[in-house]
2 protein chains.
Amino acid sequence: MSRSPILGWVDGENMALLTDLYELTMADSYCRRGKNQVTTFDLFIRHLPPYRSYLIAAGLEQVLYYLAHLRFTPEAIAYLDGLGFFSQEFLEYLRRFRFTGTVWAIPEGEIFFPGEPVVRVTAPRIEAQIVETFLLNTINFQSMIATKTSRVVQAAKGRAVVDFSPRRDHGADAALKVARASFIGGCVGTSCTLAGQVFGIPVYGTMAHSYVMSFETELEAFRAFAQDFPNNALLLIDTYDTLQGARHAAVVAKEMEARGQRLRGVRLDSGDLVALSRQVRKILDEEGLGYVKILLSGDLNEYKIHTILGQGGVVDFFGVGTELGTSRDSPSLGGVYKLVEDDMGPRIKLSEGKVTLPGRKQVYRVLDGKGMWVKDVIALEEEAPPAGSYPLLVKVMERGEVVYEPPSLRDVQARCAQAMSRLPQGYKELKPYPEEEIPVEVSPYLDALTAKLVETYTELERRT
Amino acid sequence: MSRSPILGWVDGENMALLTDLYELTMADSYCRRGKNQVTTFDLFIRHLPPYRSYLIAAGLEQVLYYLAHLRFTPEAIAYLDGLGFFSQEFLEYLRRFRFTGTVWAIPEGEIFFPGEPVVRVTAPRIEAQIVETFLLNTINFQSMIATKTSRVVQAAKGRAVVDFSPRRDHGADAALKVARASFIGGCVGTSCTLAGQVFGIPVYGTMAHSYVMSFETELEAFRAFAQDFPNNALLLIDTYDTLQGARHAAVVAKEMEARGQRLRGVRLDSGDLVALSRQVRKILDEEGLGYVKILLSGDLNEYKIHTILGQGGVVDFFGVGTELGTSRDSPSLGGVYKLVEDDMGPRIKLSEGKVTLPGRKQVYRVLDGKGMWVKDVIALEEEAPPAGSYPLLVKVMERGEVVYEPPSLRDVQARCAQAMSRLPQGYKELKPYPEEEIPVEVSPYLDALTAKLVETYTELERRT
C-alpha cells in the first residue's frame, strides 16, 4: 500500500486541490481571457438552519492559515495537467500562485445572523474564485458545530459540557474541528486526545464498560482505576446495576479519602438518568461524598438535557457525543459565497428571487446602555457607523499578508460567552426565534443601492 | 502563526492520538497490571439508522493503513506525559507500540446488517482498546455515506449521480472521504479535485453563476467557456432565464458542431426542475442536439429525485451535494465496538437489555440458485458453513501484518453494484424494510452459547 492515497491529510500546501473542479475550470477561462480584475465576494448564510436563532462564527484561523500558505505543488499541477483540459498558461499561473487579496471577517466566537458577510474577500477574480470551496467547507462546518454546542451549553444552565463525539464525527479532521468549535461554543473540553495536543484543549475521559468487565468484580475494577489515577478517576457505574455501582464507587471513594485522595466523579450512561442521578447523589452524599461529581452521557442533546434538568436530575457534567459532533438535528449550514462587486461596480444576482446585497459592506452591532444587543445594521463600508455601534468585520489580511493575530482559543471562547450574555433571552430558548423578527437592518443607502441595481439588472436581463 | 496547530492533518503516525482519552487511561491501567491477554472485539451496528434497509461497508482500506502504521511519536508521548497522570511504564510501552493483532473484516462495498461484525479485532487487550475510536470513526462515517449514496443511486434509476458536496462536508477529511465512499456507493465521480488526485476518482465540474455574471451577456459567457473547454463544457443555464439559457446553449452547441466539437451538457440548478428539464430537452432536441446531456442540481436527495423522475423529469446526471455529503436525514451511524472474548472465554454484556453475541464469529451469506440473497447466518467461526453460503468476513491482518490487498476503488464499486443486484427489490425502496423481518439468523450453536452465557452472567451479576 502506498502512503498518501490511503488517509486524507491536510496542510497549507496540499489543500490547494480541496476545491470543486469548476473553481479551477472557471479560473482557467479567466486566466486565458485576462479576466483577473479585482472582485469582492461575500461568504454569508441566507437563512437560519432549522431550530436555530443565531449563529456563532468559527473557522477563521484555519481560513487564514490556508490563504497565507496556499500553493500548488508540482504534484498537484501534474495531476491537473493529466486531466487534459487545462491550458498550459493556467498551469503556469498556478505554479506561481499566491493569494494576494484583502480579507475582512467576523472574529471567531462572535454571534452573527443571516445576510451578514462572515468573510469578505477582495482579490483578483481568479484568486477569489479558487478559494471558495475551502472557505465554505471550513466556515460552514465549524460555525455549525459552535452554534449547536452553544445551544447544548445554554440548556445545561451552567453545568459543564464535554465533547464525547470522535467515534461518530465525519472523519479525522471533523473529530479535531468538532473539539475546537465546540470549545468555542462553550464546552469545557473534549475526549479527543489529538485535539488536546493540537489545540491545547483540556481532555476528559472516564472508562468503558469493557474495563469494568475485564475484572472479576466491579469493585475490583473501581479500586484498580482509583489506584492508577488517584487524581483523575471518573468511575462508570452502570455496567451492571447503577445503584450498586454507586455504592461500590462510594466504598472506593472512602478508601481514597483514607489515602488523602479524592474520587473525581462517577458516570451514568444508561437508564432513567433523572431518577438514577438523584439516587446516586443521595448515596454519595450520605457517605459525605458531596464533592464527587456526577457525569451523565448517552445520546444526549439540548432537548434531553433541558428535560433532565427540568425534572430534577442532579448533574455536574454532561458528556455529549453524536448529537453535538454531527449537529444531528441540523447537520449542514448553507453558507454561500457570492460576487458582490467587480470591475463593473457593485453586483447583485436576481435569479431564484434571492437578492444578494451589493458592494463592500460592514456590519455594525448596536448595543444599549446596559450592553445588551439591540440590532445589527448592514451598511456599505464607506457609510458612517450608527450611534452606539461597533463594527463586526475586522481586517484580517491585507494584500496577501495576515494582519490579524488570531486570539487564543480561550479568548475566543470568552468572546462567545460575552456575546451570548448580550443576547436577549428569547434567542436562547430551544424554540427558534422567528427569523423575520430578528433586527438585522439594511442601511438606507445600501437599500437604495440595492433597489437601483435590481432595476438596472432586471432591465439588463430582459434584454439578454 | 505556527504550522501544525492550525489545520488538522492526518497520516499513519499522527493519528495515534485520534482516540478518546479513556482508551489511553484504560490502556495505562492494563499495562501497569499486566492485563494484556488476547481479546476479541467486534465492531458492529446495533440497529439500522432511520429510513435505511441495509448498510454498505466502507472505510476498511483506511483502517488497515492505520493499523499497519500506528506509532506514537516522541511529540505525542511528550504531550501525554505533560498531562501528568500517565505512568512512565505505559509511556515506555507506547514508545515501542506496534499493532500485532489479527483482523477479519467484511470487504468494502459489501452489504451488511445490524448485529453482524464488520470488523473483528483479535489482539492483546491494550492494542485492541487503543484502536477503538479510530476504527469507529472511520467505519461509521464511510459506511454511512456509502449507504446514503446507494439510496440516491437507486432513486436515480440508472442515471448518473455526481458528488457535489465539498462545501458542505464536515471538514477537509470529510470532503475526501465522502468522495471515496460515495464512489463506492455508486456515484460516477465527484467535484472534489483532491479526491481525484488522491483516490483517482473521476472529477466533474460545470460553472458557477458568477462565471456567467462576469461577462456582459450569457451568450458571451457560454461561447467563452465552450471555446476554452471544447471537450468538457457543461453550461449553467439558469443564471437569468432557464429557457433563454437553453436557447443560448443550443446556439453555442451548433457553433461547436461547425468546429467539429460537441457540447457536453447543460445544468439546471433552480426552479421547477421537472417542467424546465422537459422544456430544455425539447429545445435541444429540436436543434438536433439529442446528445447534449442535462444535469440537475440544487438541494437534491433520493426523495426529490424519485419525485422528479416520477413526474417525468428528463435527466442524464444528478449533482447531489449537501444531502449526500452529510447523510442529512440520518447523519450518524451508531457503530459500537464490544468485547466478545477474552482470557475468561466468550463474553457478553447484559446491561441496558442489549445482548452482544459472544465469541469469534463469521457471517455466512446464503444465496439462492439465481444468485439472489436469501439470508445471512451469524455463527461461531469453528462452525460448518450453511449450504450454498459464502463467508463475508475475510482475514485482512494476521499478527500485525496486512495479508489483504485492498481492491481498487472501481472493483469495490463493482462489488457494491453486484451486492445490490442480489438484494430483493423490497430493500431498495425509499420506505424502509421492517428491521425485524430482515433474515439475519443466529446459528443454533451460537444461540445456545449466548443463552448459556446470559444465564451465567445474570447469576454472576446478581452476586456482584
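Me: Let's start with one residue of this predicted model. Is B:Thr193 buried or exposed?

Reply: B:Thr193 sits in helix α8 (residues 193-199) of chain B. A residue needs 20 or more other C-beta atoms within 10 Å to be called buried. B:Thr193 has 27 C-beta neighbours inside 10 Å, so B:Thr193 counts as buried.

Me: Which residues does B:Thr193 touch, not counting those up to four places away in sequence?

Reply: The list includes residues from chain A and from chain B. From chain B there is B:Val203. From chain A come A:Leu17, A:Thr19, A:Leu21 and A:Leu24.

Me: How far apart in space are B:Thr193 and B:Tyr204, C-alpha to C-alpha?

Reply: Along the sequence, B:Thr193 and B:Tyr204 are eleven residues apart. In space, C-alpha to C-alpha, the separation is 8.4 Å.

Me: How many residues of chain A are in contact with chain B, and which helix of chain A gives the largest share?

Reply: On the chain A side, 94 residues are in contact with 94 residues of chain B. By class, the chain A side divides into 41 nonpolar, 31 polar and 22 charged residues. The largest share of that side, eight residues, comes from helix α1 (residues 21-32) of chain A.

Me: Which residues touch the most other members of the largest nonpolar core?

Reply: In general, nonpolar side chains tend to be buried together in soluble globular proteins. Here the largest nonpolar core has 286 residues. Those touching the most other members are A:Leu235, A:Ala249, B:Leu235 and B:Ala249.

Me: What does B:Leu235 touch, leaving out residues up to four places away in sequence?

Reply: One of its contacts is B:Ala249, which is also named among the core residues touching the most other members.

Me: Why is helix α2 of chain A described as largely enclosed by the rest of the structure?

Reply: In α2(A), the buried residues are A:Leu60, A:Glu61, A:Gln62, A:Val63, A:Leu64, A:Tyr65, A:Tyr66 and A:Leu67. They pack against β3 (102-105), β5 (119-124), α6 (132-155), β17 (394-398) and β18 (401-402) of chain A. The helix spans residues 60-69 and is largely enclosed because the buried share is eight of the ten residues.

Me: In chain B, are helices α2 and α6 roughly parallel or antiparallel?

Reply: The axes of α2 (residues 60-69) and α6 (residues 132-155) of chain B come within 9 Å and cross at roughly 160°. An angle over 145 degrees counts as roughly antiparallel. That makes α2(B) and α6(B) roughly antiparallel.

Me: What is the handedness of that crossing, and which residues make the contact?

Reply: α2(B) and α6(B) cross in a right-handed way. From α6(B), the contact uses B:Phe134, B:Leu135, B:Thr138 and B:Ile139, and from α2(B) it uses B:Gln62, B:Val63 and B:Tyr66. Sorted by class, these are five nonpolar, two polar and no charged residues.

Me: Are α6 and α13 of chain A roughly parallel or antiparallel?

Reply: The axes of α6(A) and helix α13 (residues 302-310) of chain A come within 8 Å. A:Arg151, A:Val152 and A:Ala155 of α6(A) meet A:Glu302, A:Ile305 and A:His306 of α13(A). The crossing angle is roughly 5°. The two helices are therefore roughly parallel.

Me: Which residues meet where α3 and α4 of chain A pack?

Reply: Helix α3 (residues 74-83) and helix α4 (residues 88-95) of chain A have axes that come within 10 Å and cross at roughly 165°. They are therefore roughly antiparallel, and the crossing is right-handed. The residues that meet are A:Ile77, A:Leu80 and A:Asp81 of α3(A) with A:Leu91, A:Leu94 and A:Arg95 of α4(A).

Me: Is B:Arg399 buried or exposed?

Reply: B:Arg399 lies in the loop between β17 (394-398) and β18 (401-402) of chain B. Phi there is near 45°, a positive value in a residue other than glycine. With 11 C-beta neighbours inside 10 Å, B:Arg399 counts as exposed.

Note on methods: Residues numbered from 1 in each chain as written. Chains lettered and ligands numbered in written order. Predicted model: local features only at pLDDT ≥ 70, side-chain atom pairs only at ≥ 80, totals over all residues. Axes fitted to C-alpha atoms, helices over the stretch in contact; angles between N-to-C directions. Helix = DSSP H or I, 4+ residues; strand = E, 2+ residues; numbered from the N terminus. Parallel < 35°, antiparallel > 145°, perpendicular 65-115°, else oblique. Left-handed = near helix turned anticlockwise from the far one by under 90°. Contact = placed C-beta atoms within 7 Å. Nonpolar A, V, L, I, M, F, W, Y, C, P; charged D, E, K, R; others polar. Core = buried A, V, L, I, M, F, W, Y, C linked by C-beta atoms within 7 Å. Buried ≥ 20, exposed ≤ 12 C-beta atoms within 10 Å, placed from the backbone.
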